[in-house]
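Here are my notes on the model, as promised. Have it open while you go through them.

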Amino acid sequence: AVVSTQSTGGRWAEGKVAGSDLDGLTPQQVKATLTLLFEREAATLETVQTLDKLFNFSSYKNCDILNSWCRLAIQARYEPIVPVALAFVSRQGRMKYVRPIYRDLFKWSEQSDKAVEMYHSKKSFYMGICRNMLTKDMNSILGS
């Protein structure tokens with residue numbers, strides 16, 4: 001399993017993506033592969049575009065995969081991910097998903113206003129600790 005994740009992630013990091021790459025991978029392995037690329041900052045915008053075209057990650061319903069995909073796509077500055085990521089954080093209240101995506105969006109200067117606007121429109125939806133942490137992140141990153 002680790003070998004599949006490592007080898008697939010390695011190929012993707014080199015921009016070598018094939019339509020059969022997900023064949024036989026479990027959802028956990030797909031998430032691990034996306035997370036590996038994110039942690040290594042190894043995906044170019046072109047690779048992310050290819051991944052979404054081939055595998056339609058932006059439409060995944062699995063929260064763990066969608067979370068990892070959003071973070072990777074934001075890191076690569078893939079603009080079509082912004083409405084997907086904002087919709088995800090607007091319906092997903094778990095801090096383990098919401099906080100990292102908001103932080104990533106706050107750091108993307110061209111998209112931070114949209115993230116701030118979404119946060120303010122949805123903050124009553126989040127539990128108190130999540131709301132407090134997001135406010136701290138927003139103030140820390142954006143200097144508000």
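1. Met127 sits in the loop between helix H7 (112-122) and helix H8 (128-142); helices here are DSSP runs of H or I with at least four residues, numbered from the N terminus. Bear in mind that this is a predicted model, where local features need pLDDT of at least 70 and side-chain atom pairs count only at pLDDT 80 or more, while totals for chains, interfaces and linings use all residues. Residues are numbered from 1 along each chain as its sequence is written, and side-chain values use heavy atoms, with hydrogens and water left out.

2. Is Met127 buried or exposed? Met127 is exposed, because its relative accessible area is 63% (exposed means over 50%, buried under 20%, partly exposed in between, with a 1.4 Å probe and protein chains only). Together with Met95 and Ile129, Met127 makes a nonpolar surface patch of about 310 Å². For a patch, residues need over 30% relative accessible area and no salt bridge; nonpolar side chains (Val, Leu, Ile, Met, Phe, Trp, Tyr) are joined within 5 Å, like charges within 9 Å. The areas come from the Shrake-Rupley method with a 1.4 Å probe, and for residues only the protein chains shown count as cover.

3. Now for the helices on either side of that loop. H7 and H8 pack at an angle of about 155°, their axes being 12 Å apart. Axes are lines fitted to C-alpha atoms, for helices over the stretch in contact, and angles between N-to-C directions run from 0 to 180 degrees. H7 and H8 are therefore roughly antiparallel (over 145 degrees; under 35 is roughly parallel, 65 to 115 roughly perpendicular, the rest oblique). The crossing of H7 past H8 is left-handed, that is, the near helix is turned anticlockwise from the far one by less than a right angle, whereas clockwise would be right-handed.

4. H7 also packs against helix H5 (residues 81-91), at an angle of about 20° and with the axes 10 Å apart. So H5 runs roughly parallel to H7, and H5 passes H7 in a right-handed crossing.

5. Have a look at Gly93 as well, in the loop between H5 and helix H6 (95-107). Gly93 is partly exposed, at a relative accessible area of 29%. Its C-alpha atom is separated by 9.7 Å from that of Lys122, 29 residues apart along the chain.

6. On to charges. The count comes to 6 salt bridges, each being a side-chain nitrogen of Lys or Arg within 4 Å of a carboxyl oxygen of Asp or Glu. One of them pairs Glu14 with Lys16, the closest N and O atoms being 3.1 Å apart. Glu14 counts as exposed, at 54% relative accessibility.

7. Which residue does Lys96 form a salt bridge with? The partner is Asp64, with the closest N and O atoms 3.8 Å apart. Lys96 lies in helix H6 and Asp64 in helix H4 (residues 63-75), so this pair ties together parts 32 residues apart in sequence. Lys96 is partly exposed at 46%, and Asp64 is partly exposed at 29%.

8. Another salt bridge joins Arg103 and Asp137, the closest N and O atoms being 3.4 Å apart. This pair links distant parts of the chain, with Arg103 in helix H6 and Asp137 in helix H8, 34 residues apart. Arg103 is partly exposed at 29% relative accessible area, whereas Asp137 counts as buried at 6%. Salt bridges that share partners join Arg99, Arg103 and Asp137 into one network.

Technical notes:
Helix = DSSP H or I, 4+ residues; strand = E, 2+ residues; numbered from the N terminus.
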